[in-house]
Amino acid sequence: MAIAFGVDVGGTTIKIGCFDGETLRDKWEIPTVTDNDGAAVLPDIAAAVKGYLEAHGIAPSTVRGIGIGVPGAVLEGGIVNRCINLGWGVVPVADELSALTGFPVRVANDANAAALGELWQGGGRGLKNIVMITLGTGIGGGVVIDGRILPGAFGAAGEVGHFLVNPHETETCGCGKKGCLEQYGSATGVVRLAGRYLASHEEDTVLRSADPLTAKAVFDAAKAGDKAALAIVDQVGRYLGMGLSYISCVVDPEAFVIGGGVSRAGTILLDTVAAYYRKSAFHASRETRFLMAELGNDAGMYGAVRMVLAE
């Protein structure tokens, strides 16, 4: 038995998985307590891991370690440089969690951990170089090169949602800039584009009666042939395809693995993005594959454990 734990820390819940080698043995969640600048987060994780070992009669000597993904930039040595959602400043997560548990700890940004998980046992199985794009409320990303996470010098590699794709944008992104990819390709971005389109066009469309107007409503209408919805999806695909072509010029991945809630739109989204990507991409990278993520919300746990097992 070679036990390892994968932890994915979110702003509301902390997902914990116990793996026996490469197999997910069990998973559960605990609440993320952000009071007092998130002081309880690591002790709560340590208590959950110890409690699981005791409840299942697992000897601590069989534990390989703990991998943890966090929503922030991660520097060398497992030091986290700010997690706004948790209230953290600069926190030596690897050292602190190791001191609390007695186990080796590996730390990565949560999106990077998810990308590694998808490479290992998800949509990117069998590949070595991928970029994962998560299209949710915002846009996250993770880069894996030669089977290893590329964190960057300041822990910010993979922040693909904040490429500038529209220098004429007047509204401000959550990051403080204007014209970021996240403002067009995320779930909230799709709704923004839809609202703008409906305000500037008079044609009949089922989207005018959508309550609430959501990204899902836009894609469902597009699949049914609604012309306005198809025009909005075309805009979304153009921005995403452009943004991904920038990435390919830098890291030249074998595939883009697309996950997150917006990815549930399926082929209508991927086909549109891929078409615009191939118009924008450097000729040598035009055949990059577009794949769907497969692990869902478990991807971060898988990637976190993979860091431990790869040691």
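Contact here means heavy atoms within 4.5 Å. Helices (H or I, at least four residues) and strands (E, at least two) are DSSP runs, numbered from the N terminus. This is a predicted model, in which local features need pLDDT of at least 70 and side-chain atom pairs count only at pLDDT 80 or more, while totals for chains, interfaces and linings use all residues. Residues are numbered from 1 along each chain as its sequence is written, and side-chain values use heavy atoms, with hydrogens and water left out.

- Two packed helices are described by the angle between their axes and the distance between the axes.
- Axes are lines fitted to C-alpha atoms, for helices over the stretch in contact, and angles run from 0 to 180 degrees between N-to-C directions.
- Helix α6 (residues 187-200) and helix α8 (residues 227-251) cross at roughly 130°, and their axes come within 10 Å.
- α6 and α8 are therefore oblique to each other; angles under 35 degrees count as roughly parallel, over 145 as roughly antiparallel, 65 to 115 as roughly perpendicular and the rest as oblique.
- The crossing of α6 past α8 is right-handed (the near helix is turned clockwise from the far one by less than a right angle).
- From α6, Val 190, Leu 193, Ala 194 and Tyr 197 meet Ala 228, Ala 231, Ile 232, Gln 235, Val 236 and Tyr 239 of α8.
- The residues of this contact of α6 with α8 are nine nonpolar, one polar and no charged; Ala, Val, Leu, Ile, Met, Phe, Trp, Tyr, Cys and Pro count as nonpolar, Asp, Glu, Lys and Arg as charged, and the others, Gly among them, as polar.

**Helices α2 and α3**

- Helix α2 (residues 41-55) packs with helix α3 (residues 93-101) at an angle of about 40°, their axes being 9 Å apart.
- That makes α2 oblique to α3.
- α2 passes α3 in a crossing that is right-handed.
- Leu 42, Pro 43, Ile 45, Ala 46 and Lys 50 of α2 make the contact with Val 93, Glu 96, Leu 97, Leu 100 and Thr 101 of α3.
- In the contact of α2 with α3, seven residues are nonpolar, one is polar and two are charged.

**The cavity**

- A cavity is a set of points on a 1 Å grid over the protein atoms alone where a 1.4 Å probe fits but cannot get out, and lining residues have an atom within 4 Å of a point.
- The structure holds one cavity of 30 Å³ or more, and the largest cavity has a volume of about 50 Å³.
- Its lining consists of Ile 133, Leu 135, Leu 240, Leu 244, Ile 258, Leu 269, Leu 270, Val 273 and Phe 290.
- β9 (130-135), α8 and α9 (267-280) each give two or more residues to the lining of the largest cavity, with the largest share, three residues, from α9.
- The lining of the largest cavity has nine nonpolar, no polar and no charged residues.

**The second largest pocket**

- A pocket is an open set of grid points with protein on both sides within 12 Å along at least five of seven lines.
- The second largest pocket holds about 540 Å³ of space.
- It is lined by 26 residues, of which Arg 106, Val 107, Arg 148, Ile 149 and Met 307 are the closest to its centre.
- The largest share of its lining, five residues, comes from β8.

**Ile 149**

- Ile 149 lies in strand β11.
- Ile 149 and Ala 113 are 36 residues apart in sequence, and their C-alpha atoms are 7.6 Å apart in space.

Notes:
Points joined across faces, edges and corners; volume = space filled by probe spheres on them.
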